[in-house]
Number of protein chains: 2
Amino acid sequence: MITKNETTTLTKSDNIRTSQLPVDAQFLRRWSPRAYDNSALPKKDLMTLFEAARWAPSAYNVQPWRFIYSIRDDDNWNLFLSLLDPFNAEWAKRSGALIFLVSDTQVPNRNPPKPFPSHSFDAGAAWMQLALQAQSLGYQAHAMGGILHQKIAAALNIPERFKIEIGIAVGQMASPDILPKSLKEREQPSTRLPLEQLIFNGVFRSLKPVEVNNES
Amino acid sequence: MITKNETTTLTKSDNIRTSQLPVDAQFLRRWSPRAYDNSALPKKDLMTLFEAARWAPSAYNVQPWRFIYSIRDDDNWNLFLSLLDPFNAEWAKRSGALIFLVSDTQVPNRNPPKPFPSHSFDAGAAWMQLALQAQSLGYQAHAMGGILHQKIAAALNIPERFKIEIGIAVGQMASPDILPKSLKEREQPSTRLPLEQLIFNGVFRSLKPVEVNNES
């Protein structure tokens with residue numbers, strides 16, 4: 001559910017995170033679980049995730065993102081699982097859909113080819129909208145850097161000009177109890193660096209610390 | 001305002017976009033205007049944008065994003081405007097705050113240095129959360145690729161290991177009438193490529209077109 005600045009601390013059963021300042025609850029509720037319930041993602045919901053991603057901004061509105069997907073137990077499911085590193089495959093096998101997000105490193109329709117420098121940055125924005133829409137629909141999406149890039153390029157026919165950015169497992173969450181002990185212990189939303197370490201007023205790493213509060 | 005899947009077409013006064021499938025309205029309502037109202041962004045609202053960005057996901061939770069900002073008419077405002085290319089400076093001078101988003105290209109605290117390959121992708125995710133939170137608070141944020149990278153690095157003391165990703169102008173929108181004629185004509189939300197051109201079932205550019213609808 002999306003709610004607006006209603007809380008800075010989410011309840012424990014929902015999410016243990018606390019924000020320093022009130023933000024839309026969607027940003028705290030979205031996280032990257034590994035316990036999924038073995039159900040296939042309905043195709044209309046998967047399409048809704050892509051629709052949300054589609055509206056991300058990009059330099060010159062180039063929209064460099066492309067999504068290649070398999071829904072649980074369709075013809076390509078086992079192939080897709082084999083394209084993850086074994087650690088990720090072990091938990092992602094219980095997710096509802098697998099996606100590879102690739103980005104176009106070139107400006108479309110240019111001869112000679114012209115690089116498109118913000119392809120990864122823009123793809124990251126599209127991924128974020130996908131993940132937030134997933135949370136809104138009651139799912140969670142988990143991005144995976146641990147994927148087998150060369151195998152993916154060959155198996156899925158990815159043109160050389162596209163960069164394979166991440167794999168994504170998306171699905172309905174399940175109890176952490178289904179996970180092996182080592183993963184079960186890690187099955188909770190991660191924390192973040194304090195805001196004060198991320199922002200600078202005027203000059204990078206100014207000696208003058210930035211005061212973060214809700215008063216000023 | 002954030003609303004949940006309530007509509008696929010936003011009213012004309014609000015936003016002319018129509019989605020192919022129902023998505024959270026925030027994704028359609030966020031866009032990149034150039035007409036701002038010359039008011040300074042309240043510091044607490046700017047901090048809320050950074051707070052939203054802070055909760056973005058990143059590989060190994062490294063959080064490579066850093067934000068350097070100036071609020072309209074503070075000591076660094078004119079300096080920040082001079083770091084945009086002249087085309088962007090001309091409209092961004094009416095925005096409420098300017099931000100440069102930089103990303104750490106290395107894994108923190110490693111000797112010898114170790115590259116962090118997803119720094120741009122992850123920074124793009126943080127930018128997206130910032131922009132959505134801005135929209136939710138009644139502002140809009142406009143990312144700018146047209147910025148003076150070398151001048152920024154020197155003026156803002158950006159370490160070499162950080163990549164300067166984008167500039168961001170954020171503020172309260174104003175009537176398009178304040179813009180010069182050429183920009184006034186372009187002052188509306190952009191459209192997107194059809195979903196069918198962005199997604200592939202199983203293999204990149206499969207000959208089998210993906211059917212996008214809300215039934216299946």
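## Leu81 of chain B

Leu81(B) has a relative accessible area of 14% and is therefore buried (buried means under 20% relative accessible area, exposed over 50%, partly exposed in between, with a 1.4 Å probe and protein chains only). The residue sits in helix H3 (residues 77–81) of chain B; helices (H or I, at least four residues) and strands (E, at least two) are DSSP runs, numbered from the N terminus. Leaving out residues up to four places away in sequence, Leu81(B) touches Ala89(B), Ala92(B), Lys93(B) and Leu98(B), where contact means heavy atoms within 4.5 Å. From Leu81(B) to Ile178(B) the separation is 97 residues in sequence and 19 Å in space, C-alpha to C-alpha.

## Basis of the values

This is a predicted model, in which local features need pLDDT of at least 70 and side-chain atom pairs count only at pLDDT 80 or more, while totals for chains, interfaces and linings use all residues. Residues are numbered from 1 along each chain as its sequence is written, chains are lettered from A and ligands numbered from 1 in the order in which they are written, and side-chain values use heavy atoms, with hydrogens and water left out.

## Chain A and its copy

Chain A contains 7 helices and 5 strands, arranged from the N terminus as α-α-β-α-α-β-α-β-α-β-α-β. Of its 216 residues, 56% are buried. Among contacts in chain A between residues at least 6 apart in sequence, 70% connect residues at least 24 apart.

An open sheet of 5 strands, with mixed pairing, runs in the order E5(A)-E1(B)-E2(B)-E4(B)-E3(B); two strands pair if DSSP finds at least two bridges between them. On average, neighbouring strands are turned by 25° against each other, direction ignored.

E5(A) pairs with strand E1 (residues 65–71) of chain B in the parallel sense over 3 bridges, and Ile199(A) stands opposite Phe67(B). Helix H5 (residues 119–136) of chain B packs on the sheet, touching E1, E2 (97–104), E3 and E4 (162–171) of chain B, and its direction makes about 10° with that of E4(B). Axes are lines fitted to C-alpha atoms, for helices over the stretch in contact, and angles run from 0 to 180 degrees between N-to-C directions.

## Helix H2 of chain A

Helix H2 (residues 43–54) of chain A has 12 residues, which at 1.5 Å a residue should span 16 Å, and its end C-alpha atoms are 16 Å apart, in agreement; the expected span is 1.5 Å times one less than the number of residues. In H2(A), 10 of the 12 residues are buried, including Leu46(A), Leu49(A) and Phe50(A). These buried residues pack against E1, E2, H5 and E4 of chain A, and against H1 (26–29) and E5 of chain B.

## Aromatic pairs

Over all chains there are 12 aromatic pairs. Rings of Phe, Tyr and Trp (its six-membered ring) pair if their centres lie within 6.5 Å; planes under 30 degrees apart count as stacked, over 60 as edge-to-face and the rest as tilted. Phe50(A) and Phe67(A) form a tilted pair, 5.1 Å centre to centre with 40° between the planes. Phe50(A) lies in H2 and Phe67(A) in E1 of chain A, so the pair ties together parts 17 residues apart in sequence. Phe50(A) is buried at 0% relative accessibility, and Phe67(A) is buried with a relative accessible area of 1%. Together with Tyr69(A), Phe50(A) and Phe67(A) form one aromatic cluster.
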